[in-house]
Amino acid sequence: MPECDISDKGNQLQEQRREKVIKMHSQSLWLCSSVDRENNNNGRLAVIITVRCPPIPNKLRDQRYLKLGKLKVVRRQLLQRYEHQPFVSCLAGLYGCQWRRYQRAKSQPGECCCSRVECGSVVLLVLTFLLSSLFLYFWSQAHNDYNEFDWFNFETLGFWFPWSLLLLVVAAALFTYISLLLVLAVCLLSEGQRLYLHWSHKMGIVVTMAFSVSATAVLSEVWSKEWKTLLLSLQVTAPFLHVGVVLLMTLLSWSIALHFFRMNKRVDQVCLLGVYLSVLFSLYLVPLAMYSPCIRDSGTLGPKPTLLGHRGAPMLAPENTLMSFESAVEAGVDGLETDVTISADGVPFVMHDLTLQRTTNVEEVFPNRTHTPAALFTWSDVQQLNAGAWFLSWDPFGTVSSLSPEQRALAGNQTVPSLAEVLDVANRAGRTVLFDLRQPPPGHPYRDNYLNITLDLIHTHINSSQVLWLPSDQREEIQQVDPELQQTAGQTASIQELQNNHITTLNLHYSTMSLQHISKYRSVNISVNLYVVNQPWLYSLAWCSGASSVTTNNMLLRDIHTPLLLVTPEQYSVMWVLTDLVSAALIVCVFIFHWWRERGLHFWSGSRQTHETGPYSKFRTDPMESGWGRWNPFHSESPTRTLISLPMGLNP
């Protein structure tokens with residue numbers, strides 16, 4: 001061991017005795033040191049030893065050669081918290097760009113985990129996480145209507161772009177970014193580190209919050225009906241969301257318990273634990289307010305809703321073309337849905353929009369009539385237009401790549417079909433037809449007798465019982481002329497009014513879905529068709545609600561053989577109670593563990609040790625709490641300072 005230099009101006013004999021004591025303790029702790037001293041007012045000599053540990057031979061690193069019982073410092077170090085330096089460095093570097101140890105600091109027991117500014121950043125981070133998650137969930141559940149949203153933007157901006165998918169990708173990316181920041185913050189708190197958020201992340205939080213708030217506000221203004229979709233989605237996803245959020249709160253209990261037992265002020269402990277338990281117990285009781293038609297007694301589920309192809313099969317072919325309707329029939333739908341316009345020369349043809357701009361090349365063929373109403377074109381003019389090239393060019397559903405070369409060639413050469421051609425396709429396949437008939441604009445030569453023209457066409461090409469008649473004009477007269485037509489209403493009314501108008505089917509938007517209303521109508525033999533249902537969760541909800549049929553773009557719904565969520569009330573109660581009990585048990589175990597660990601650490605750090613050969617005070621090693629490392633006997637690192645308090649008149 002290297003010698004320890006001690007300069008003393010006092011009595012030589014007394015100095016030698018003290019030096020022997022110091023060397024004795026140095027050898028027992030493997031210390032080689034330079035020693036300073038200072039006299040205290042109480043007559044005791046305080047000796048400060050600067051510890052320098054020599055390299056230890058490899059054989060001594062083996063536990064067989066290491067006598068831990070004789071190493072007081074080693075025994076105590078094993079009881080102290082072990083800081084995973086690479087892990088903490090990575091966390092602090094990603095969160096606050098504090099990659100080096102001297103750049104960060106640990107939060108001492110009883111201290112706040114961060115400054116006031118950083119506390120504000122954490123609060124803003126949590127708020128942004130909630131807002132971004134709300135918007136992401138809102139927009140992901142609106143996926144059923146993405147196509148409608150994109151066409152709305154097309155009519156507004158004048159060009160096609162999949163804005164819905166772009167919005168989803170941006171929302172998902174920002175949510176992921178904020179979630180990672182929140183996870184880093186929780187991990188740093190669990191490691192006892194003080195929080196410092198880098199300024200670039202603070203800017204990112206502000207950008208994410210601004211995006212979430214503005215996007216939610218704009219969509220609420222122009223597309224407010226999607227909030228009804230959000231509420232409907234909770235009837236299917238709420239049980240799964242409940243389990244996920246309870247799991248999240250259970251994981252958060254680790255950090256909460258750590259800081260709870262480290263706090264010195266009882267008020268802070270009560271506030272922290274009170275807020276946490278309030279949120280937790282609220283989540284435990286949330287299922288009491290949940291409602292879903294898919295939580296029902298066994299054997300009470302009605303038949304599976306049939307499918308009506310919305311403008312044919314628009315995911316497989318250009319909408320409102322013969323290829324689209326034939327593809328829908330081949331896919332196994334039970335009916336076809338479309339919209340009918342009367343041409344200037346009295347020919348009913350299939351077209352959804354008021355103009356021909358979106359689904360034809362009218363800009364190329366008739367550049368001066370791009371915005372002219374479709375009803376003002378003659379049938380010969382309409383036949384000159386291509387109704388399929390736009391589908392291959394814009395790929396509205398992202399399904400063009402699944403088509404074979406022959407199918408692409410066929411789709412690119414489609415024309416606008418007449419109503420007679422569509423009725424022939426339905427008649428040959430034995431399918432029903434639901435269509436909305438648009439009244440011609442003022443000045444149109446067939447504005448007054450368009451209903452009679454359409455009825456004559458029906459009588460010629462299809463059985464009247466296969467037609468769901470949706471137009472509400474002159475319904476009484478139409479019923480008298482052809483009582484076999486299935487009279488269909490597009491809005492709800494009292495049962496008495498519906499029966500007076502001979503209504504047999506209601507064609508309603510899916511947002512009006514209600515088990516109570518549908519059951520009421522079905523009790524008087526009035527079936528309900530819901531449009532437009534594209535997502536499996538929405539189809540499952542329509543099934544559980546008792547809908548007779550749905551209008552859809554998605555032909556894959558035919559492969560759903562059971563609702564996504566279908567449990568009995570007893571099964572759901574077991575799932576709910578079991579989730580809460582397991583969560584509560586895990587949280588109690590976490591708090592007990594932290595209580596035991598903190599109690600043990602306080603015991604060891606607060607106890608006194610006496611040397612076997614005399615009444616010395618314990619070695620009080622400075623753990624460098626204001627720094628970042630602790631002494632490790634297996635490595636030779638920076639000097640450690642040790643304070644030994646000795647009596648002035650000690651005889652060794």
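Let's start where helix H5 (residues 146-157) meets helix H6 (residues 163-190): their axes come within 8 Å and cross at roughly 115°. Axes here are lines fitted to C-alpha atoms, for helices over the stretch in contact, and angles run from 0 to 180 degrees between N-to-C directions. On the H5 side, the contact (heavy atoms within 4.5 Å) uses Tyr146, Phe149, Asp150, Asn153 and Leu157, while H6 brings Trp163, Ser164, Leu165 and Leu168. Sorted by class, that contact has six nonpolar, two polar and one charged residues. In this sorting, Ala, Val, Leu, Ile, Met, Phe, Trp, Tyr, Cys and Pro count as nonpolar, Asp, Glu, Lys and Arg as charged, and the others, Gly among them, as polar.

A quick word on what you're looking at: this is a predicted model, in which local features need pLDDT of at least 70 and side-chain atom pairs count only at pLDDT 80 or more, while totals for chains, interfaces and linings use all residues. Residues are numbered from 1 along each chain as its sequence is written, and side-chain values use heavy atoms, with hydrogens and water left out. As for the labels, helices (H or I, at least four residues) and strands (E, at least two) are DSSP runs, numbered from the N terminus.

Stay with H6, and look at helix H7 (residues 199-222). The axes of H6 and H7 come within 10 Å and cross at roughly 140°, so the two are oblique to each other. Their crossing is left-handed, a word used if the near helix is turned anticlockwise from the far one by less than a right angle, with right-handed for clockwise. Among the H6 residues making this contact are Leu167, Val170 and Leu181, and those from H7 include Ser200, Gly204 and Phe211. The tally for H6 with H7 is 10 nonpolar, four polar and no charged residues.

H6 also meets helix H3 (residues 85-96), where the axes come within 10 Å and cross at roughly 135°. That angle makes H3 oblique to H6, and the crossing is left-handed. Here Val88, Leu91, Ala92, Leu94 and Tyr95 of H3 touch Leu181, Leu184, Ala185, Cys187 and Leu188 of H6. This contact divides into 10 nonpolar, no polar and no charged residues.

UniProt, in an unreviewed entry, lists several stretches as "transmembrane region", including residues 160-189 and 273-291; such annotations may be inferred rather than shown by experiment. Residues 160-189 are 90% helix and 0% strand, with end C-alpha atoms 48 Å apart. For residues 273-291 the span is 68% helix and 0% strand, and the end C-alpha atoms lie 30 Å apart.

Now for some strands. S4 (residues 335-342) and S6 (residues 432-437) run parallel, joined by six bridges; strands pair if DSSP finds at least two bridges between them. Thr338 stands opposite Phe435 in S6. S6 also pairs with S7 (residues 467-469) in the parallel sense, over three bridges, and Val433 has Val467 of S7 as its bridge partner.

Most residues other than glycine have a negative phi, and most peptide bonds are trans. His502, not a glycine, has a positive phi of about 60°, and lies in the loop between helix H18 (495-500) and strand S9 (505-509). A cis peptide bond joins Tyr531 and Val532, with omega about -25°.

Note on methods. Parallel < 35°, antiparallel > 145°, perpendicular 65-115°, else oblique.
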